[in-house]
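Work through the exercises below with the model open. Each task is followed by a solution in steps.

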Amino acid sequence: MTSGYSNMMTLRTDRMTLSPCCPADREEFRDLERDPEVMHFLNGGMAVQDGQRQSDVTFLMPEGTEDYVWTARVTANRAFVGWFCLWPESEAVAELGYRLRRATWGKGLATEGALALVSWGFRVGGYDRVFAGTSMRNLASRRVLEKIGMTCVDTFGTGDGERGPVIEKGEVGYVLMRADWRED
């Protein structure tokens, strides 16, 4: 098993460079959380201000000091795209996550970055399974997960509205096993 922070490396895709995050990324990460559209499927679109950061949230809010979080930038001009993570749940299993600036949506960058992280996870991280979850209504994110080869395997939280109206129809879980992964 080779997973671990010490194995994080800069990853390159056709258009982006993904680098292990650092404290200098903190303000750009927080800008994502201040955008109600970016936060729509996470907390109902409430912009998170610095003083409102809570330890009991169910989603990652990186500060730039976390292991397993990569900052994504356009390679050509270093413009901030967002962040991606491959968070280890165990030595064999990791959770994929990402958050991108609204201006970059619909351009294939989420798929590009997610593929890079899944590839790293299977080749370098030594994971056997990568999973991800999203709101059932977040069709764009669901398409990204399907494009990278993940399969929807679970639905949960189907109606109690505990996290707000945007996910009242539930969440979906996706999985990709190393045995089913094909690196293109």
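A residue is called buried when its relative accessible area is under 20%, exposed when over 50%, and partly exposed in between. The model used here is predicted.

**Exercise 1.** Classify glutamate 112 and arginine 15 as buried, exposed or partly exposed, and locate the salt bridge between them.

Solution.
- Step 1. Glutamate 112 has a relative accessible area of 15%, so this residue is buried.
- Step 2. Arginine 15 comes to 35%, and therefore counts as partly exposed.
- Step 3. A salt bridge joins the two side chains, with an N to O distance of 2.8 Å.
- Step 4. Glutamate 112 belongs to helix H3, whereas arginine 15 sits in the loop between strand S1 (11-12) and strand S2 (16-20), so this bridge ties together parts 97 residues apart in sequence.

**Exercise 2.** Where in the chain are the partners of the salt bridge between glutamate 33 and arginine 99, and are they buried or exposed?

Solution.
- Step 1. The closest N and O atoms of glutamate 33 and arginine 99 are 3.7 Å apart. The cut-off for a salt bridge is 4 Å, so the pair qualifies.
- Step 2. Glutamate 33 is in helix H1 (residues 26-34) and arginine 99 in strand S5; the bridge links distant parts of the chain, 66 residues apart.
- Step 3. Glutamate 33 has a relative accessible area of 0% and is buried. Arginine 99, with 5%, is buried as well.
- Step 4. For another bridge, take glutamate 27 and arginine 34, at 2.8 Å from N to O. Here glutamate 27 is partly exposed at 42%, and arginine 34 is partly exposed at 23%.
- Step 5. The count of salt bridges in the model is seven. Bridges with shared partners join Asp25, Glu28 and Arg73 into one network.

**Exercise 3.** Determine the geometry of the aromatic pair formed by phenylalanine 84 and tyrosine 98, then treat phenylalanine 122 and tryptophan 181 in the same way.

Solution.
- Step 1. There are four aromatic pairs by the ring-centre rule. In one of them, phenylalanine 84 and tyrosine 98 have a centre-to-centre distance of 5.9 Å and 40 degrees between the planes, which makes a tilted pair.
- Step 2. Phenylalanine 84 is in strand S4 (residues 80-88) and tyrosine 98 in strand S5 (residues 93-100), so the pair ties together parts 14 residues apart in sequence. With 0% relative accessibility, phenylalanine 84 is buried.
- Step 3. For phenylalanine 122 and tryptophan 181 the ring centres are 5.2 Å apart and the planes meet at 50 degrees, so this pair is tilted.
- Step 4. Phenylalanine 122 is part of helix H3 (residues 109-123), and tryptophan 181 is in the segment after strand S8 (171-177), so parts 59 residues apart in sequence are tied together.
- Step 5. Phenylalanine 122 is buried at 1%. Tryptophan 181, at 19%, also counts as buried.

**Exercise 4.** Which residues touch the most other members of the largest nonpolar core, and which element gives the most to this core?

Solution.
- Step 1. The largest nonpolar core has 34 residues, and Leu86, Leu96 and Met150 touch the most other members.
- Step 2. Elements that give two or more residues to this core include S2, S4, S5 and S8. H3 gives the most, with eight residues.
- Step 3. Beyond its neighbours within four places in sequence, methionine 150 contacts residues including Leu96, Val130, Leu145 and Tyr174.
- Step 4. Another core, of eight residues, lies apart from the largest one; Leu32, Phe80, Trp83 and Cys85 are among its members.

Terms used
Residues numbered from 1 in each chain as written. Predicted model: local features only at pLDDT ≥ 70, side-chain atom pairs only at ≥ 80, totals over all residues. Heavy atoms only, no water. Phe/Tyr/Trp six-rings, centres within 6.5 Å; stacked < 30°, edge-to-face > 60°. Helix = DSSP H or I, 4+ residues; strand = E, 2+ residues; numbered from the N terminus. Buried < 20%, exposed > 50% of the residue type's maximum accessible area, 1.4 Å probe, protein only. Core = buried A, V, L, I, M, F, W, Y, C linked by side-chain atoms within 4.5 Å. Contact = heavy atoms within 4.5 Å.
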